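Hello,

I am passing a structure on to you, with some notes to read beside it. Please open it first and then come back to the text below.

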Amino acid sequence: NFEDPASPEGAALGRTFVGAALAPLAPNSHRSWPRTSVVSGLAGSSDSWFVSGGEANDMTDKVLGDRCLSLTTDGAAGFARYFKKALSLNMTGKGLVIWVKLLNGANLQYLSVDLANETGMTNRVRAGIPTPGNSGKSPLFDGQWVPLFIPAAQFAPAAGSPNIATLTYIQIIPADFGGGNTATVKIGGVATYTEGIAQYPNGVISFSFDDSYASTYTIGVPKLAQYGFTATAYPIIDRLGMAGRMTVAQLREMQNTYGWEIGTHCYTQAQHASMVGGDPVALNQMLVDCRTWQAQNGLASSSFAYPFGPFDAQAVELARRHFVYARTNDGAPYSPYLPFPLTAPALALGSSTSLVAAKAAVDRAVAAKAGLHIVVHDITDTVSVNNWTAADFNALVDYVAASGAAVRLPVDVMRGL
């Protein structure tokens with residue numbers, strides 16, 4: 001399995017072998033966890049929630065209290081509802097944590113959380129939650145209690161003129177795809193946490209660049225360097241050295257001269273596909289090859305971007321063996337505490353994200369003292385599904401620089417730097 005480094009293939013990839021050596025295990029990493037304030041601990045009958053007018057207590061499972069809530073969808077794509085009223089909730093400067101467990105999560109099409117000023121929901125904010133069935137980019141996994149951190153920046157006005165300082169009502173809405181296939185959503189508790197950490201009083205922005213495009217080096221590097229910003233590159237390794245792509249020498253320069261982090265995305269173009277449900281042996285070998293290539297080329301990083309963004313519990317466990325940080329592209333903001341760095345969200349630029357929308361996402365992150373990870377693919381003359389124009393990219397970087405937000409590598413956010 002050895003290759004001649006003087007061969008065109010070996011020289012282009014900057015490697016001497018693949019797959020013949022074991023990659024080092026991911027180093028231990030710091031993980032922050034905010035102090036939470038329980039809103040609903042599900043302990044005793046006084047902490048009642050309701051589902052369509054009836055109680056939904058499940059005494060067979062629990063997290064914070066002596067019970068949980070359990071609701072199974074109708075199998076007909078209808079919206080079910082958990083709701084709790086008579087709250088006295090001030091969400092100013094706060095995010096929400098909901099402990100969630102799914103059963104048959106692949107059947108779950110929709111999940112949202114509403115916070116309102118009154119029972120009639122006339123004035124409310126809403127946060128949409130990625131589901132395993134709808135995006136493959138959800139931090140929720142079957143059979144596992146997951147504390148779902150929802151930063152304030154993820155909530156948007158859904159009706160009326162909501163006042164987040166005087167909220168009295170919470171509603172959680174799941175729905176399946178229909179066809180008789182149901183999903184069960186369990187709720188184990190609700191809490192708040194204080195947004196923001198001292199290092200990032202105006203939020204924190206990260207940039208990353210996927211797929212080895214040459215424009216990362218020719219446009220991305222100099223524009224970010226204008227402000228002293230760094231970023232992470234996630235290359236497809238066997239594309240390096242090809243027309244329109246970066247070289248290994250350029251990646252080394254980006255790391256050693258400009259302070260960039262050189263993570264990995266996948267080894268071959270054929271592997272640039274969803275890891276969900278894949279062969280674990282083959283997927284692990286891909287990650288071993290990526291880590292070996294990094295070590296051989298002096299690229300010190302422990303960051304990974306899931307190909308195409310989707311992941312499942314198996315993909316996360318494989319990533320855990322080799323990396324301390326793994327990123328998707330679901331568009332959500334995140335808490336700078338990064339309590340779950342192996343399912344980190346990010347906003348991908350392309351035809352579905354205009355410059356106006358990207359600036360608005362920056363504004364929400366700054367206002368909420370939250371994090372926003374911006375993903376760039378190719379920077380070209382025209383906008384396409386994954387491409388942005390140089391004019392828009394330059395304008396966004398200028399906007400971030402003027403916003404007051406810190407710009408950091410995700411691994412530095414994890415360290416609180």
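Below are the confidence of the model, its strands and helices, its aromatic pairs and a few single residues.

First, how to read it. This is a predicted model, in which local features need pLDDT of at least 70 and side-chain atom pairs count only at pLDDT 80 or more, while totals for chains, interfaces and linings use all residues. Residues are numbered from 1 along each chain as its sequence is written, and side-chain values use heavy atoms, with hydrogens and water left out.

**Confidence**

The score called pLDDT is the predictor's confidence in each residue, from 0 to 100. The protein chain has a mean pLDDT of 88, and 90% of its residues reach 70 or more. Over residues 1–25, however, pLDDT stays under 50. For that stretch the model has 46 contacts beyond four places in sequence, a contact being heavy atoms within 4.5 Å. Where pLDDT is low, the predicted coordinates should not be read in detail.

**Strands and a helix**

Helices (H or I, at least four residues) and strands (E, at least two) are DSSP runs, numbered from the N terminus.

Now to helix 5 (residues 313–322), where Ala315, Val316, Leu318, Ala319 and His322 are buried; buried means under 20% relative accessible area, exposed over 50%, and partly exposed in between (1.4 Å probe, protein chains only). These residues lie on the same side of helix 5, because they cover an arc of only 165 degrees around the axis, taken from the directions from the helix axis to the C-beta atoms. Their cover includes helix 4 (280–296), strand 17 (303–305) and strand 18 (325–327).

Helix 4 is also the place of Gln294. Gln294 counts as buried, at 2% relative accessibility. Residues up to four places away in sequence aside, Gln294 touches Ile262, Gly263, Thr264, Leu299, Ser301 and Phe323.

**Aromatic pairs**

Rings of Phe, Tyr and Trp (its six-membered ring) pair if their centres lie within 6.5 Å; planes under 30 degrees apart count as stacked, over 60 as edge-to-face and the rest as tilted. The structure holds 13 such aromatic pairs. One of them is stacked: Phe83 and Tyr169 have ring centres 6.0 Å apart and planes at 15 degrees. Phe83 is in strand 6 (residues 82–84) and Tyr169 in strand 12 (residues 169–176), so this pair ties together parts that are 86 residues apart in sequence. Phe83 is buried at 16% relative accessible area, and Tyr169 is buried at 6%. Phe304 and Tyr306 make an edge-to-face pair, because their ring centres are 5.5 Å apart and their planes are at 80 degrees. Both Phe304 and Tyr306 are buried. One aromatic cluster is formed by Phe141, Phe304, Tyr306, Phe311 and Phe323.

- Asp58 is found in strand 4 (residues 57–58) and is buried, with a relative accessible area of 13%. A polar contact of 2.6 Å joins its side chain to that of Thr60. Such a contact is a pair of N or O atoms within 3.5 Å; within protein, one must be able to donate a hydrogen and the other to accept it, and residues adjacent in sequence count only if both atoms are side-chain atoms. Beyond its neighbours within four places in sequence, Asp58 is in contact with Arg67, Cys68, Ser70 and Lys186.
- Ser212 sits in the loop between strand 14 (204–210) and helix 2 (214–225), buried at 1% relative accessible area. Ser212 and Met242 are 30 residues apart in sequence and 9.4 Å apart in space, C-alpha to C-alpha. Contacts of Ser212 outside four places in sequence include Tyr234, Pro235 and Arg239.
- Ala368 lies in helix 6 (residues 355–368) and is buried, with a relative accessible area of 12%. Between Ala368 and Asn202 there are 7.9 Å, C-alpha to C-alpha, at 166 residues apart in sequence.

Best wishes
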